[in-house]
Amino acid sequence: MPYRTITDEVVGAVFRPAGRIWWFLTGAAFLGVVVFIIAVTVLLTRGLGIWGVNTTQVWGFAIANYVWWIGIGNAGTLISSMLLLTRQRWRASINRYAEAMTLFAAGIAGLFPIFHLGRPWLAYWLAPYPNTMTLWPQWRSPLVWDMFAIGSYILFSIMFWYTGLIPDLATLRDRARGRFAKVGYGVFALGWQGSSRQWKNYNAYYYAMAAMGVPLVVSVHSVVGLDYAATLMPGWQETIFPPYFVVGAMFSGFAMVVTLTIPIRWGLGLQSVITIDHLDAMAKILLLGAVVMGTSYGTEWFLAWYSGNEIERAFVAFEFTGPYAWLYITMLVCNCLSPQVLWFRPMRRSVVVMFVVGVLVNIGMWLERVLINVNTLAHGHLPSSWTLYIPTVWDWAMLVGSFGIFCFLFFLFARFIPAASIHEIRELAYKEGAAR
């Protein structure tokens with residue numbers, strides 16, 4: 001494929017007039033943003049009592065949504081970094097929107113712990129610094145580690161995504177017709193001219209960032225897992241939680257990448273850039289994630305039995321027989337069984353099957369985040385404190401609203417920024433001898 005054809009196909013989606021479908025979907029997503037604003041307004045005026053939390057079920061949808069969104073956010077940069085370091089050629093077609101997904105998901109995740117405080121205007125109290133009220137931080141608490149880990153990760157993700165975008169912003173600058181667009185893209189392109197010296201420095205910096213990104217992402221979600229593992233609650237006090245959370249984040253994040261790939265490929269006309277072979281490669285990673293997640297669940301059950309701890313054994317029995325058992329079974333079906341169809345090559349290369357599996361995995365991983373909270377808190381050490389969690393309409397409104405924000409930001413991204421990396425696809429075509 002000629003270089004010009006590659007550029008025209010990717011850039012064309014940015015400069016073409018927005019169609020009715022884009023306006024309709026963006027408008028629908030904006031309604032979700034409005035729902036979120038209304039839910040937050042009611043929360044701030046009436047308090048946490050509008051949610052389904054109580055004196056026992058202190059962590060409800062808010063913390064579950066936080067863990068789920070931060071897992072999706074972690075996966076984008078981790079996937080992009082690992083594929084870059086391992087020289088996976090098909091990375092060029094998915095890394096741009098996977099990294100954008102990271103930024104949007106991580107930003108949304110950061111909102112939920114703040115609203116969960118009950119007094120979000122005092123959120124700065126969470127910052128681990130010795131303040132005038134002599135509230136010194138508890139450095140042994142993983143909640144303090146969260147502030148450093150997540151803050152560092154968001155800053156790194158912004159820098160990593162923007163670095164990869166610079167050469168393409170220069171392409172948009174050169175292709176733009178309007179003066180406003182030329183100036184706007186030119187400012188963010190930072191004077192990029194594509195000289196050999198610039199490319200040498202760019203590649204050295206970009207690979208160094210990728211090398212730092214992998215351990216950073218692993219540490220971030222390990223800390224999130226330690227938020228649970230550092231407690232004494234049954235079902236949470238598990239040494240497997242840090243790697244289990246990291247794998248779960250990769251699994252849910254990659255499922256979200258698959259879910260986004262299908263509409264992006266169709267809506268932007270990128271069938272020749274995001275091919276069936278790319279879907280086949282992503283399906284294999286999803287299948288591996290499902291096997292690892294199934295092994296993790298089995299390890300939890302085995303350790304509960306092997307430990308001889310009656311409380312842990314009773315908790316596992318509660319997961320399969322308690323009031324949330326149907327949700328737990330649904331989670332296992334979505335996360336472990338549904339991806340098993342991907343053992344078959346025709347299923348891996350089917351757009352419909354891949355989209356359905358991606359959606360089911362996202363549902364299953366969200367259920368897992370909810371059940372990690374509500375199952376343990378509903379069946380702790382004291383039977384007198386066993387209480388169920390029943391979400392209210394405002395719990396659901398916050399969840400739906402967060403999806404609205406994510407989709408709204410993603411539609412804007414797809415409209416104004418190339419969804420695929422132009423310079424990386426051209427480089428790949430050159431190496432394969434397919435471009436001239």
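Reader: Where does T102 sit, and is it buried or exposed?
Author: T102 is in helix α4 (residues 95-116); helices here are DSSP runs of H or I with at least four residues, strands are runs of E with at least two, and both are numbered from the N terminus. T102 is buried, with a relative accessible area of 0%. Buried stands for under 20% relative accessible area, exposed for over 50% and partly exposed for the range in between, with a 1.4 Å probe and protein chains only.

Reader: What kind of model is this, and how are the residues numbered?
Author: This is a predicted model, in which local features need pLDDT of at least 70 and side-chain atom pairs count only at pLDDT 80 or more, while totals for chains, interfaces and linings use all residues. Residues are numbered from 1 along each chain as its sequence is written, and side-chain values use heavy atoms, with hydrogens and water left out.

Reader: Which residues does T102 touch?
Author: Not counting residues up to four places away in sequence, T102 touches I72, G73, A75, G76, T77, Y153 and S157. Contact means heavy atoms within 4.5 Å.

Reader: Y153 is on that list; where is Y153, and what is it in contact with?
Author: Y153 belongs to helix α5 and is buried, at a relative accessible area of 0%. Leaving aside neighbours within four places in sequence, Y153 is in contact with G73, N74, A75, T77, T102, L216, V217 and V220. Y153 and S219 are 66 residues apart in sequence, and their C-alpha atoms are 9.5 Å apart in space.

Reader: Stepping back, how many helices and strands does the protein have?
Author: The protein has 15 helices and zero strands. Buried residues make up 53% of its 436 residues. Among contacts with a separation of 6 or more, 81% come from residues 24 or more positions apart.

Reader: On to helix packing: at what angle do α8 and α9 pack?
Author: Two packed helices are described by the angle between their axes and the distance between the axes. Helix α8 (residues 241-267) and helix α9 (residues 276-306) pack at about 150°, with axes 9 Å apart. Axes are lines fitted to C-alpha atoms, for helices over the stretch in contact, and angles run from 0 to 180 degrees between N-to-C directions. That makes α8 roughly antiparallel to α9; angles over 145 degrees count as roughly antiparallel, under 35 as roughly parallel, 65 to 115 as roughly perpendicular and the rest as oblique.

Reader: What is the handedness of the crossing of α8 and α9?
Author: The crossing of α8 and α9 is left-handed, a term used if the near helix is turned anticlockwise from the far one by less than a right angle, with right-handed used if clockwise.

Reader: What does G358 touch?
Author: G358, in helix α13, touches A255 and T259, not counting residues up to four places away in sequence. At 0% relative accessibility, G358 counts as buried. G358 and G253 are 105 residues apart in sequence and 9.8 Å apart in space, C-alpha to C-alpha.

Reader: Switching to aromatics, how many aromatic pairs are there?
Author: The structure holds 37 aromatic pairs. The rings of W68 and F403 have centres 5.6 Å apart and planes at 50°, so this pair is tilted. Rings of Phe, Tyr and Trp (its six-membered ring) pair if their centres lie within 6.5 Å; planes under 30 degrees apart count as stacked, over 60 as edge-to-face and the rest as tilted.

Reader: Why does the pair of W68 and F403 tie together parts that are 335 residues apart in sequence?
Author: W68 lies in helix α3 (residues 61-85) and F403 in helix α14 (residues 393-416), so the pair ties together parts with that separation. W68 is buried, with a relative accessible area of 2%, whereas F403 is partly exposed, at 33%.

Reader: How is the pair of F160 and Y206 arranged?
Author: F160 and Y206 are stacked, 5.0 Å centre to centre with 15° between the planes. Both residues are buried.
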